[in-house]
Amino acid sequence: MIKNNVNRSTELKSLYVHSQEKKTRDMKIEEKQTEENSYSDRLSQIKEQIQAGTYKIDLKKTSEKMALNLLGL
C-alpha cells in the first residue's frame with residue numbers, strides 16, 4: 001500500500017511537471033505568434049506608406065544604428 005502511494009505521488013509529480021512544461025511551450029508559441037503578427041502588421045503599414053509616398057526615414061535613428069553596428073556595440 002505504501003509502495004502504491006509512492007508510485008501515485010511520483011506519477012502526480014510527473015503529470016504536474018509535464019503540465020507545466022506544456023503551459024510554458026504553449027506560452028512561447030503564443031508569444032512567437034504575437035511577435036510574428038506584430039512584425040507582419042508593421043511591414044504592411046510600411047508597405048502602405050511607401051506606396052502612398054508618405055514613408056519617412058528617421059535619419060538620426062538610422063545613422064545611430066549604423067554607427068553602433070560598425071563599432072560592434
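Predicted model: local features only at pLDDT ≥ 70, side-chain atom pairs only at ≥ 80, totals over all residues.
**Figure 1. The salt bridge between lysine 22 and aspartate 26.** Stay on that pair and look at the side chains: they meet in a salt bridge, with an N to O distance of 3.0 Å. Side chains of opposite charge can pair when their charged atoms come close. Searching the whole structure turns up 1 salt bridge.

**Figure 2. How much of the pair is open to solvent-sized probes.** Lysine 22 has a relative accessible area of 40%, so it counts as partly exposed. Aspartate 26 comes in at 37% and is partly exposed too. For scale, buried would mean under 20% and exposed over 50%.

Figure 3. Helices and strands first: the protein has 2 helices and 0 strands. Its radius of gyration is 25 Å, well over the 11 Å from the globule rule for 73 residues, so the protein is more spread out than a compact globule. The C-alpha trace spans about 75 × 35 × 10 Å along its principal axes.

**Figure 4. Surface and charge.** Of the 73 residues, buried ones make up 1%. The protein exposes about 7,400 Å², with 57% of that supplied by carbon and sulfur atoms. On the charge side, there are 14 positive and 11 negative side chains, and the centres of these two sets lie 4 Å apart.

Terms used
Residues numbered from 1 in each chain as written. Heavy atoms only, no water. Salt bridge = Lys/Arg side-chain N within 4 Å of Asp/Glu carboxyl O. Buried < 20%, exposed > 50% of the residue type's maximum accessible area, 1.4 Å probe, protein only. Helix = DSSP H or I, 4+ residues; strand = E, 2+ residues; numbered from the N terminus. Rg over C-alpha atoms; globule rule 2.2 N^0.38 Å. Areas by Shrake-Rupley, 256 points an atom, 1.4 Å probe, with all protein chains shown as cover. Lys, Arg positive; Asp, Glu negative; His and termini not counted. Charge placed at Lys NZ, Arg CZ, Asp CG, Glu CD.
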